[in-house]
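Colleague: I am new to this structure and would like to be taken through it. Could we begin with its inner spaces and then move on to other features?

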Amino acid sequence: MEEDEFLGEKTFQHYCAEFIKHSQQIGDGWEWRTSKDCSDGYMCKIHFQIKNGTVVSYPGTSTHVQTCLPMEEALELPLDDSEVTEATAATEVIKYEYHVLYSCSYQVPVLYFRASFLDGRPFSLKDIWEGVHECYKTRLQQGPWDTITQQEHPILGQPFFVLHPCKTNEFMTPVLKNSRKINRNVNYITSWLSIVGPVVGLNLPLSYARAASQNE
Amino acid sequence: MAEQPEAVLPLPPSGAADGEGPTDVSPGTEEPAGDTKKKIDILLKAVGDTPIMKTKKWAVERTRTIQGLIDFIKKFLKLVASEQLFIYVNQSFAPSPDQEVGTLYECFGSDGKLVLHYCKSQAWG
């Protein structure tokens, strides 16, 4: 029986650090945040999406992280709130927030996310489902409650949506085993996020794929 | 393992609607793969206990998306709807469903082909 590939918390943090390093190089906006009273931490990214499909990424606003160069497109696009409130539904701006936390019980990373309109109206579970990529909809419709649920963020204590981690090992194990066979070091976080991210609108730039195999 | 003749990836059925333009549905190799840069060569490799495809080498038009390729492989392998199929570049990274294989070929292709690993899973319930 094959052993599952579990991820220890320190290893999780290491892979996150490597991931963020690359994110900073390409201005992808991920940053590390620690909770005030414990040594827990998580990766976080905020991005704004205009409903007609254009994506604008902004770096996080934390000051303890070295600000990375924003992408050129981001600089040119003003996000004046007053303009947005007058916008029609077709040009509404949505704020997506993604957090990558470590689950001690499952020993895997977990993706927490939430979305809201700029006026603060949060996305409902129904809104989230509507934003799920077409190709995942059939699968999710078979058991949405098993896949995306609403839970309290373990560190922030606020309601977030969560992509359930119980099957993570199942899809990560073959990938990791395969890489081990050919002695390629794989960034677990990069691989995992490339798989689960698109389900909820988070697409990783391709350069992560190259960085993941070069870093180690 | 005998050398497989290159096969041309057929058009998806009209129900698939992935928004791509009309392409050849040539059964053989009338159009040399990789020529005129309209099609690229893809070598598909199975990961884990995923069934191995009898035909591994395919000539695929550049604009085919990863999702289009996934749908094709799932049909070819006769996977059920509850089974998920993942495709990886560099054996470790899953490109987004809308990513075009032409772009992947530019970034990760070598020796005139793009090697993609595929793996099936019951992930997400």
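**Cavities, helix packing and local features**

Modeller: Eleven residues line the second largest cavity, and those nearest its centre are Leu163(A), His164(A), Thr168(A), Trp192(A) and Val196(A). A cavity is a set of points on a 1 Å grid over the protein atoms alone where a 1.4 Å probe fits but cannot get out, and lining residues have an atom within 4 Å of a point. The model is predicted, with pLDDT of at least 70 needed for local features and 80 or more for side-chain atom pairs, while totals for chains, interfaces and linings use all residues. Residues are numbered from 1 along each chain as its sequence is written, chains are lettered from A and ligands numbered from 1 in the order in which they are written, and side-chain values use heavy atoms, leaving out hydrogens and water.

Colleague: What is the volume of the second largest cavity?

Modeller: Its volume is about 40 Å³, taken as the space filled by probe spheres set on the points, which are joined across faces, edges and corners.

Colleague: How does α8(A) pack with α1(A)?

Modeller: Helix α1 (residues 9–26) of chain A and α8(A) pack at about 75°, with axes 8 Å apart; axes are lines fitted to C-alpha atoms over the stretch in contact, and angles run from 0 to 180 degrees between N-to-C directions. That makes α1(A) roughly perpendicular to α8(A), a term for angles of 65 to 115 degrees.

Colleague: Which residues make the contact?

Modeller: Phe12(A), Tyr15(A), Cys16(A) and Phe19(A) of α1(A) meet Tyr188(A), Ile189(A), Thr190(A) and Leu193(A) of α8(A), where contact means heavy atoms within 4.5 Å.

Colleague: Changing topic, how many aromatic pairs are there over all chains?

Modeller: There are twelve, counting rings of Phe, Tyr and Trp (its six-membered ring) with centres within 6.5 Å. Trp58(B) and Phe72(B) form an edge-to-face pair (planes over 60 degrees apart), at 4.9 Å centre to centre and 80° between the planes. Trp58(B) lies in strand β3 (residues 57–61) and Phe72(B) in helix α1 (residues 66–76) of chain B, so the pair ties together parts 14 residues apart in sequence.

Colleague: Where does Asn90(B) lie?

Modeller: Asn90(B) is in the loop between β4 (84–88) and α2 (101–108) of chain B, and its phi is near 55°, a positive value in a residue other than glycine.

Key. On a 1 Å grid over the protein atoms alone, a cavity is a set of points where a 1.4 Å probe fits but cannot get out, and a pocket is an open set with protein on both sides within 12 Å along at least five of seven lines; lining residues have an atom within 4 Å of a point. Helices (H or I, at least four residues) and strands (E, at least two) are DSSP runs, numbered from the N terminus. Angles under 35 degrees count as roughly parallel, over 145 as roughly antiparallel, 65 to 115 as roughly perpendicular and the rest as oblique. Rings of Phe, Tyr and Trp (its six-membered ring) pair if their centres lie within 6.5 Å; planes under 30 degrees apart count as stacked, over 60 as edge-to-face and the rest as tilted.
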